Amino acid sequence: TSAKTPVANITIMLNITIIAVGKLKEQYLRDASAEYQKRLSTLCKLNIVEINPEKLSDNPSAKEIENALNNEAKKIIEKIPKGAKVYSMCIEGKQRSSEELSREIDSLATMGVSNIVFIIGGSFGLSDEVKNLSFFRLSMSKMTFPHQIARIILLEQIYRATQMSIGTRYQK
């Protein structure tokens with residue numbers, strides 16, 4: 001079942017989509033993802049869309065990388081629901097605390113936004129086209145994380161944000 005966020009006598013179904021370039025390869029990462037998906041299933045409608053990364057040579061040129069990012073962008077863009085607020089996960093983005101992210105998601109729901117999309121690129125990030133579509137460019141940290149680990153961290157932060165939103169003291 002999907003939870004609904006009560007907002008000023010209006011009930012809005014919150015749909016959160018994570019579009020990720022690449023699959024979770026290791027079992028422990030798939031297990032972690034499944035656990036957060038299970039936890040979130042009572043709080044929102046969560047959809048994870050995996051986009052196959054473009055194949056690159058062992059030592060790709062800048063042009064080859066650009067072409068791959070542009071091809072991935074086409075696949076990503078076609079998966080974004082109409083009217084969604086898009087967060088591109090980028091190292092050059094701005095950081096948000098867990099509390100700020102929770103308040104921002106609540107604020108979007110209050111404004112009637114029912115679709116929020118988080119996009120995680122592959123090893124070479126995201127194309128400028130995808131980033132320019134974004135409502136917000138979000139950085140998890142000044143540190144760089146593998147995109148598979150970034151997905152688990154993002155799931156945890158979405159779970160934390162929803163817990164804060166309903167007033168639960170989630171500290172784990």
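Predicted model: local features only at pLDDT ≥ 70, side-chain atom pairs only at ≥ 80, totals over all residues.
User: OK, how many helices and strands does the chain have?
Analyst: The chain has five helices and seven strands. Along the sequence they follow the pattern β-β-β-α-β-α-β-α-β-α-β-α. The radius of gyration is 16 Å, close to the 16 Å that the globule rule gives for 172 residues, so the chain is as compact as a globular protein of that length.

User: What box do the C-alpha atoms fill?
Analyst: Taken along the principal axes, the box is roughly 55 × 35 × 30 Å.

User: And how much of the chain is buried?
Analyst: Of the 172 residues, 44% count as buried. The chain exposes about 9,700 Å², and carbon and sulfur atoms supply 50% of that area.

User: Which residues have the most contacts inside the largest nonpolar core?
Analyst: They are Ile18, Leu40, Tyr87, Ile116, Phe118, Leu154 and Ile158, in a core of 27 residues. Strands 3, 5, 6 and 7 each supply at least two residues of this core, and so do helices 1, 3 and 5. Helix 5 gives the largest share, six residues.

User: Why would residues like that end up together?
Analyst: In soluble globular proteins, nonpolar side chains tend to be buried together.

User: Pick Ile158. What is it in contact with?
Analyst: Leaving aside neighbours within four places in sequence, Ile158 is in contact with Ile16, Ile18, Leu40 and Phe118.

User: What lies apart from that core?
Analyst: Another core, of 13 residues, lies apart from it; Ile19, Ile76, Val117 and Val130 are among its residues.

User: Next, Thr162. Buried or exposed?
Analyst: Thr162 is buried, because its relative accessible area is 7% and the cut-off for buried is under 20%. Thr162 is in helix 5. Not counting residues up to four places away in sequence, Thr162 touches Leu40 and Leu43.

User: And Thr110, buried or exposed?
Analyst: Thr110 sits in helix 3. Its relative accessibility is 54%, so Thr110 counts as exposed, the cut-off being over 50%.

User: How many Å apart are Thr110 and Asp58?
Analyst: C-alpha to C-alpha, Thr110 and Asp58 are 47 Å apart in space, and they are 52 residues apart in sequence.

User: What about Tyr28 and Gln163?
Analyst: Tyr28 and Gln163 are 135 residues apart in sequence and 24 Å apart in space, C-alpha to C-alpha. Tyr28 lies in helix 1 and is exposed, with a relative accessible area of 53%.

User: Where is Ile77?
Analyst: Ile77 is in helix 2, which covers residues 62-77. Ile77 is partly exposed, at a relative accessible area of 27%. Leaving out residues up to four places away in sequence, Ile77 touches Glu129, Val130 and Leu133. Ile77 and Ile19 are 58 residues apart in sequence, with their C-alpha atoms 9.5 Å apart in space.

User: What share of contacts in the chain join residues at least 24 apart?
Analyst: The share is 82%, among contacts between residues at least 6 apart in sequence.

User: Last topic, charges. How many positive and negative ones?
Analyst: There are 24 positive and 18 negative charges, and their mean positions are 5 Å apart.

Note on methods: Residues numbered from 1 in each chain as written. Heavy atoms only, no water. Helix = DSSP H or I, 4+ residues; strand = E, 2+ residues; numbered from the N terminus. Rg over C-alpha atoms; globule rule 2.2 N^0.38 Å. Buried < 20%, exposed > 50% of the residue type's maximum accessible area, 1.4 Å probe, protein only. Contact = heavy atoms within 4.5 Å. Areas by Shrake-Rupley, 256 points an atom, 1.4 Å probe, with all protein chains shown as cover. Lys, Arg positive; Asp, Glu negative; His and termini not counted. Charge placed at Lys NZ, Arg CZ, Asp CG, Glu CD. Core = buried A, V, L, I, M, F, W, Y, C linked by side-chain atoms within 4.5 Å.
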